[in-house]
Amino acid sequence: MKEQVRGTIEMTAAMTILGTIGWFVVMADRPAMDVVFWRCFFGALSLLVICATMGLLRGLLNVRMLGWAVLGGVAIVTNWYMLFQSYSMASISVSTAVYNTQPFMLVLFGAAFFGEKLTINKFVWLGIAFAGLLLIISGKPQGGLGGSDYAGGILMALGAAFFWATAAIITKKLKGTPPHLIALIQVCIGIVMLAPFADFENVPTTAISWGSLITVGVVHTGIMYVLMYGAVQKLPTHLQGSLSFIYPVVAIIVDLIAFGYRPDTAQIIGAIAILIAAAGMNLGWQIIRPRTQRNVAP
């Protein structure tokens with residue numbers, strides 16, 4: 001029980017941090033490919049220090065673990081690129097809301113690959129959360145960042161959600177492996193993947209741009225992924241999914257404060273629905289109670 005409480009705290013902190021990433025990506029003012037590369041670069045530096053300090057660089061690597069971690073790295077880096085690209089094509093808030101269809105994918109993956117039971121109440125809470133996401137997507141914000149290709153941005157965000165859920169399921173295969181080490185391997189894979197495509201001739205020239213890239217690498221990657229992967233290994237899939245809904249709500253708040261994004265009534269209702277669904281899933285509220293069998297005397 002203590003492990004699940006700790007995992008819940010870690011996942012909540014990770015999703016809150018993640019909810020602010022759109023602001024830093026926009027402030028970096030770089031193409032999505034470059035932002036992901038520098039995220040991997042600065043994330044690798046921070047995670048290398050963490051792993052070395054904790055003595056995780058010796059005796060913990062084996063072929064099986066390395067293979068799964070590399071595969072997860074490809075999925076997570078692809079997820080980052082598609083999500084960051086969607087910000088400029090749609091908007092931060094809409095992209096984030098669509099991206100958070102990943103809990104539904106995660107629950108289905110958990111049922112398919114780990115035999116996790118899907119109860120009627122889990123379906124109900126996820127359905128309420130999904131309805132909330134639909135309200136957020138269908139809303140018409142008054143202000144904030146608008147995108148150039150709304151439909152393309154939606155598809156990019158959905159693709160990012162799929163690869164996030166894939167990476168999370170792969171991480172399940174690495175249970176017992178320090179999450180710090182998993183994240184380090186994955187960002188190193190990202191450096192190798194993206195180095196040929198990064199624009200080194202036009203590097204950032206402002207302190208704001210560099211500061212944003214460093215923050216995305218150290219805080220939103222090094223610190224956030226250590227928290228998230230630690231939580232993934234402690235929590236059942238449905239609980240991970242419910243806590244993930246914290247992310248879009250924080251992103252909308254950040255959009256409001258940083259860019260003047262003003263949600264309409266539908267989006268406010270959607271955010272409330274997501275919070276209620278997350279609470280219901282976490283606390284085990286039962287909307288539909290299972291039938292109890294009556295004992296009949298012979």
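User: Why is Thr221 called buried?

Analyst: Thr221 has a relative accessible area of 1%. Buried means under 20%, exposed means over 50%, and partly exposed is in between, using a 1.4 Å probe and protein chains only. Since 1% is under 20%, Thr221 counts as buried. A word on the background: this is a predicted model, where local features need pLDDT of at least 70, side-chain atom pairs count only at pLDDT 80 or more, and totals for chains, interfaces and linings use all residues. Residues are numbered from 1 along each chain as its sequence is written, and side-chain values use heavy atoms, leaving out hydrogens and water.

User: Where does Thr221 lie, and which residues does Thr221 touch?

Analyst: Thr221 is in helix α10; helices are DSSP runs of H or I with at least four residues, and strands are E runs of at least two, numbered from the N terminus. Contact means heavy atoms within 4.5 Å. Not counting residues up to four places away in sequence, Thr221 touches Arg39, Gly43, Trp80, Val187, Val216 and Val226.

User: What makes the pair of Thr221 and Val216 a polar contact?

Analyst: A polar contact is a pair of N or O atoms within 3.5 Å; within protein, one must be able to donate a hydrogen and the other to accept it, and residues adjacent in sequence count only if both atoms are side-chain atoms. A polar atom of the Thr221 side chain lies 2.8 Å from the backbone oxygen of Val216.

User: What makes Arg6 and Glu10 a salt bridge?

Analyst: Side chains of opposite charge can pair when their charged atoms come close. A salt bridge is a side-chain nitrogen of Lys or Arg within 4 Å of a carboxyl oxygen of Asp or Glu. The closest N and O atoms of Arg6 and Glu10 are 3.3 Å apart, so the pair qualifies. Both residues lie in helix α1 (residues 2-18), four residues apart, about one turn of the helix.

User: Why is Arg6 called exposed, and why is Glu10 called buried?

Analyst: Arg6 has a relative accessible area of 52%, which is over the exposed limit. Glu10 has 12%, so Glu10 falls on the buried side.

User: Which parts does the pair of Glu10 and Lys234 tie together?

Analyst: The closest N and O atoms of Glu10 and Lys234 are 3.1 Å apart, and the two form a salt bridge. Glu10 lies in helix α1 and Lys234 in the loop between α10 (207-232) and α11 (237-243), so the pair ties together parts that are 224 residues apart in sequence. Arg6, Glu10 and Lys234 are linked in a network of salt bridges.

User: How many salt bridges does the rule give?

Analyst: The count comes to three. One of the pairs is Arg30 with Asp34, at 3.4 Å from N to O. Arg30 is partly exposed because its relative accessibility is 22%, while Asp34 is buried, with 3%.

User: What is the phi of Asp29, and where does Asp29 lie?

Analyst: Asp29 has a positive phi of about 55°, although it is not a glycine. Asp29 sits in the loop between α2 (21-28) and α3 (32-53). With a relative accessible area of 64%, Asp29 is exposed.

User: What makes a nonpolar core, and which residues have the most contacts inside the largest one?

Analyst: A nonpolar core is a set of buried Ala, Val, Leu, Ile, Met, Phe, Trp, Tyr and Cys residues joined through side-chain atoms within 4.5 Å. The largest has 67 residues, and Phe84 and Met228 have the most contacts inside it. A second, separate core of 15 residues includes Ala97, Phe104, Leu133 and Val249.
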